[in-house]
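Here is a brief report on one protein model. Look over the sequence and the fold first, then read on.

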Amino acid sequence: MDNFLIFGSNIHLVNDVISMLYTNFDIKDLEDANVFLGIKITRPDKGISLDQSHYIKKILKKYNYSYYKPACTPYDPSVKLFKNTGDSIRQSEYVSVIGSLRYVTDCTKVDIAFAVGLICRFTNKPRIEHWHTVKKVMRCLKRTMSLGLFEGYNDAY
């Protein structure tokens with residue numbers, strides 16, 4: 001079963017699209033979406049909030065970072081990362097972790113974008129120092145997993 005979202009700023013156009021879909025396809029309206037593509041959607045007063053807390057919990061567990069102590073920042077600027085000229089350490093796992101981090105960064109967690117962009121440079125031959133930086137990012141995610149994006153509005157005219 002495929003799920004999809006229909007949204008827009010003009011409710012009349014949205015309703016027209018929904019009517020057209022009902023006419024041409026056997027569909028079921030699930031009403032308001034709570035989670036879509038790993039993104040939790042909440043609607044507090046006067047806005048919409050997006051976060052990936054449950055997705056972050058999954059990746060922390062998947063890559064065995066659930067039990068680490070949370071960190072305040074995703075990157076330590078005193079740590080200098082360099083290209084590895086030797087053997088890589090768990091390269092395929094590193095690429096998998098980076099993919100998960102990129103998804104989180106691209107959707108809701110812009111606060112880790114610099115650190116994730118930095119560690120993305122070393123997917124070919126990760127060294128232990130690169131893995132330490134991944135660990136630091138994961139620890140920061142653990143601390144800030146419930147934070148996300150909020151778009152608010154004010155209807156007072």
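What pattern does the protein follow, read along the sequence?

## Model and fold

The pattern is α-β-β-β-α-α-α-α-β. That is five helices and four strands. Both are DSSP runs numbered from the N terminus: helices are H or I with at least four residues, strands are E with at least two.

This is a predicted model: local features need pLDDT of at least 70, side-chain atom pairs count only at pLDDT 80 or more, and totals for chains, interfaces and linings use all residues. Residues are numbered from 1 along each chain as its sequence is written, and side-chain values use heavy atoms, with hydrogens and water left out.

## Burial and contacts

Of the protein's 157 residues, 31% are buried. Buried means under 20% relative accessible area, exposed over 50%, partly exposed in between (1.4 Å probe, protein chains only).

Contact means heavy atoms within 4.5 Å. Among contacts between residues at least 6 apart in sequence, 75% join residues at least 24 apart.

Strand β2 spans residues 39–42. I39 and I41 make up its covered face; K40 and T42 make up the uncovered one. β2 runs antiparallel to β3 (residues 47–51), joined by three bridges. Strands pair if DSSP finds at least two bridges between them.

K40 has D51 of β3 as its bridge partner. Four residues lie between the strands of the hairpin, where K46 takes a positive phi near 60°.

## Around I6

I6 lies in the segment before α1 (11–24). I6 counts as partly exposed because its relative accessibility is 34%.
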